[in-house]
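Hello, and thanks for looking at this one with me. Below are some notes to read alongside the sequence and the model.

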Amino acid sequence: MNVSDAEQESPQGKTARESASTLSESMMPDQLNHHGNVFGGEILALVDKCGGVVARRHARHPVVTVAVDRVEFREPIYATDYVEAHGRLVYVGRSSMEVMVTVEAEQVETGKRRCTNVCFLTYVALDRFNGRPSPVPPLILETDEDRRLHAGAIRRRERRLAEEAEARAAE
Ligand SMILES: CC(C)(COP(=O)(O)OP(=O)(O)OC[C@H]1O[C@@H](n2cnc3c(N)ncnc32)[C@H](O)[C@@H]1OP(=O)(O)O)[C@@H](O)C(=O)NCCC(=O)NCCS
């Protein structure tokens with residue numbers, strides 16, 4: 001097995017706290033939709049960038065996005081809102097990592113914050129030389145919250161594998 005630098009550096013694993021990241025953005029007029037609210041694609045880009053930072057911090061390797069499990073736009077984000085994406089790892093496989101990204105919109109004048117989106121994205125760490133999936137440090141589950149989110153990730157993974165098997169059987 002190809003043992004990555006990251007695995008050698010952290011053979012016992014790393015916690016979700018070590019890679020948790022926040023990206024924030026003040027939206028500009030070219031990022032709005034026809035209704036004058038923030039365009040959904042801009043939010044998706046922020047979410048993917050935030051998740052990618054989390055995965056790279058854990059792996060200390062280049063990463064690519066392989067799946068976006070679910071995206072819901074619960075509420076509009078207004079042009080004047082300040083938008084923050086908070087990402088944290090919830091699952092780590094051999095080379096894959098699932099990141100939960102929560103988006104918050106803050107009305108700057110009042111400080112009122114709304115959670116507008118929760119998304120789950122999967123990234124794969126790549127070997128710098130051959131571009132193939134590369135092993136990453138295991139995830140250390142420290143808290144009850146870590147264990148709860150990890151259990152949810154396992155359920156999503158099982159559901160996805162069952163759906164893939166069903167799709168193959170139908171081909
Ligand atoms: C990432 C990539 C190299 C993986 O290649 P692959 O031949 O599928 O590799 P594997 O089958 O060994 O899978 C590698 C890991 O990805 C996971 N994976 C692959 N497809 C997945 C999917 N749709 N959802 C979740 N995990 C997935 C596998 O479960 C495996 O996880 P593990 O190592 O933790 O067990 C290839 O899928 C790829 O290049 N995809 C394009 C990525 C991209 O361009 N993204 C957009 C721009 S960043």
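What share of the 171 residues in the protein chain do buried residues make up?

1. **Burial and ground rules.** Buried residues account for 41% of the 171 residues in the protein chain. Here buried means under 20% relative accessible area, exposed means over 50%, and partly exposed is in between, with a 1.4 Å probe and protein chains only. Please keep in mind that this is a predicted model, where local features need pLDDT of at least 70 and side-chain atom pairs count only at pLDDT 80 or more, while totals for chains, interfaces and linings use all residues. Residues are numbered from 1 along each chain as its sequence is written, and side-chain values use heavy atoms, with hydrogens and water left out.

2. **Overall layout.** The protein chain has four helices and seven strands. These are DSSP runs numbered from the N terminus, helices being H or I with at least four residues and strands being E with at least two. In sequence order the pattern reads α-β-α-β-α-β-β-β-β-β-α. The C-alpha trace spans about 55 × 45 × 35 Å along its principal axes.

3. A nitrogen atom of the ligand sits 2.8 Å from a polar backbone atom of Thr65. The protein covers 53% of the 960 Å² of accessible area that the ligand has on its own, areas that come from the Shrake-Rupley method with a 1.4 Å probe.

4. Is Thr116 buried or exposed? Thr116, found in strand β6, counts as buried because its relative accessibility is 0%. Its side chain makes a polar contact with the side chain of Asn117 at 2.7 Å. A polar contact is a pair of N or O atoms within 3.5 Å; within protein, one must be able to donate a hydrogen and the other to accept it, and residues adjacent in sequence count only if both atoms are side-chain atoms. Glu84, in strand β4 (residues 82-92), is at 16% relative accessibility and therefore buried. The side chain of Glu84 makes a polar contact with that of Arg113 at 2.6 Å.

5. **Two loop residues.** Val108 lies in the loop between β5 (96-107) and β6, and is partly exposed because its relative accessible area is 47%. Val108 and Glu171 are 63 residues apart in sequence and 52 Å apart in space, C-alpha to C-alpha. Arg60 lies in the loop between α3 (40-59) and β3. At 47% relative accessibility, Arg60 counts as partly exposed. Although not a glycine, Arg60 has a positive phi of about 55°.
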